[in-house]
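Welcome! Let's take a friendly walk through the aromatic rings of this structure.

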Amino acid sequence: MNTEATLGQYYQTDSVIHRLDPRVKLVGTLLYMISLFIFNNIFCYAIAAVFLIVVIILCRVPLTHMLKGLRPILILMLFTVIFNIFFTPGEYLWQFGILHISKEGIKTAILILIRLTLLIISASIMTLTTTPNRLTDGLEKLFAPLKLIKVPVHEMAMMMSIALRFIPILMEETDKILKAQTARGAGFDSKKLTTRIKSLIPVIVPLFISAFRRASDLALAMEARCYHGGEGRTKLYPLKYAARDILSYVFMGIYIISLTAVGIINAKISLVNAIADIVSK
Amino acid sequence: MKIIKSKDVTFEYIKRDENGEVEGINKALDNINLDVKEGEFISILGANGSGKSTFAKHINSILMPTEGTLWVDGMDTSDEDKILDIRMTAGMVFQNPDNQIIGQVIEEDVAFGPENMGVETAQIRERVDEALKTVGMLDYKKNSPNKLSGGQKQRVSIAGVLAMHPKCIVLDEPTAMLDPAGRKEVIRALRALNDVEKITIILITHYMEETIYSDRIFVMNKGKIAMEGTPREIFTRVEELEEFRLEIPQITRLAYELRKEGMRIPECVLTIKELCDALSR
């Protein structure tokens, strides 16, 4: 069983983007995604695409590797595009029953395709360039203010990192149990779905028992090493903003401002055009 | 200076039936009196259910005596306020290497203890490298623990405790899940710690071979200390040891049988070399 695949899709290399503070990447990705949803015209997407291409070049992850991440979502993208092409009302170019292709349909389909591609690539850049560990650290730091309203931020981050640590161990264990049950004559490849689900019970039960045992062992070991919650804890790698992080925030600001400017100008132009249309009629 | 002093320590597990009524009381520890001097290498031998692990958990203040008192470096282990200090003084290594490694990267795991203690970042770095160097795992510091052998994982666990700078390390059957090569690795690391760093070692095990190098051995049986003495004193009492369901090392056993048959061999033989010397004389 390939246990590495489950540990996120981190791509090991050394680049500026890799070295950025995880908080910058989290905030940046979020802002970028929001920016894609606010403005819906080709000029803004062009700016967004240029921004993303610069980041792609900077992060030194091969493009082919990045596009692999798009594969599972290909079907979803195809669906949205087809639906938009065939079911958007407007100026019909072709019609057959309830199916029709309209100018507007093609336009929205293209825009949506661009938007989805940008969205997914931007999200995958974050996971490709940040280890799950740093990501958890970043989340913990970002959400730290929520501690004031008694959200257990540290505990949640700790749970996340422990879960990540135990995924490969439990995968291995599942594999062992599967083999043990197969050796005793259990069949996991029955064609009938109900039989297949039933045959999973003797795998899941021992897996849970072992997971609980491990959890209690781990809790003991953590306590023995003086773990007493997040209070007064220091870090081997504390998150500290460096010059490059501040600079990235500045770039992000410039991106948002220019995007907003283009978006507003574009909206005004189309408004003027619409008024001109009405006036000329 | 006594690092560990145990006076009439008794611990009872209370068995309850389904209605929560006391069904029976199981004395896991029965009047244990035991002193350990600073810098000693102590082994506690015992078969399954002899109470040796229960005793180990008392030293780390995970369990507290029902009766009697246990002092670690002068601190009473039932004193709630001193728990963290006690755990910093007496570190603990457990049996299953997988269930006590918390970090996803080795250096982060070793840093877990110092982080909990609130050590400064620069100092954590120093302690981690030093601890990993002591157990010979410095080259692996950036690796994932999932790719290590059992012996290596256990050495990382020892480093994790070492980085807390304890005066004493308690190891609860650290080799039970390892292959012979891993077992040797761990024991060698422990001897080096005791010799070079002068750290008090309390090794809890049921493998007699591992106790040969200790300063003193305590043999436990049914919650009581049944025998106490240097390895040579203990290993001559082959018949008694067998009564306690302990397995005598092959070489000692062979020498014992030969001596019984009338050969002129010294009373207690611990290593192959000793027996060879004795036979060739």
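A charge is said to sit over a ring if NZ of Lys or CZ of Arg is within 6 Å of the ring centre and within 35 degrees of the ring normal. With that in mind, look at chain B: the charged end of Arg191(B) sits over the ring of Tyr213(B), 3.7 Å from its centre. Likewise, Arg183(B) places its charged end over the ring of Tyr207(B), 4.1 Å from the centre.

Before going on, please note that this is a predicted model, where local features need pLDDT of at least 70 and side-chain atom pairs count only at pLDDT 80 or more, while totals for chains, interfaces and linings use all residues. Residues are numbered from 1 along each chain as its sequence is written, chains are lettered from A and ligands numbered from 1 in the order in which they are written, and side-chain values use heavy atoms, with hydrogens and water left out.

Rings can also meet other rings. Those of Phe, Tyr and Trp (its six-membered ring) pair if their centres lie within 6.5 Å; planes under 30 degrees apart count as stacked, over 60 as edge-to-face and the rest as tilted. Over all chains, the structure holds eight aromatic pairs. One of them is stacked, because the rings of Tyr32(A) and Tyr255(A) have centres 5.6 Å apart and planes at 25°. Both residues are buried, meaning under 20% relative accessible area, with exposed over 50% and partly exposed in between (1.4 Å probe, protein chains only). Ring pairs also bring in Phe51(A), linking it with Tyr32(A) and Tyr255(A) into a cluster.

Compare Tyr241(A) and Tyr249(A), an edge-to-face pair with 5.7 Å centre to centre and 70° between the planes. Tyr241(A) has 37% relative accessibility, so it counts as partly exposed.
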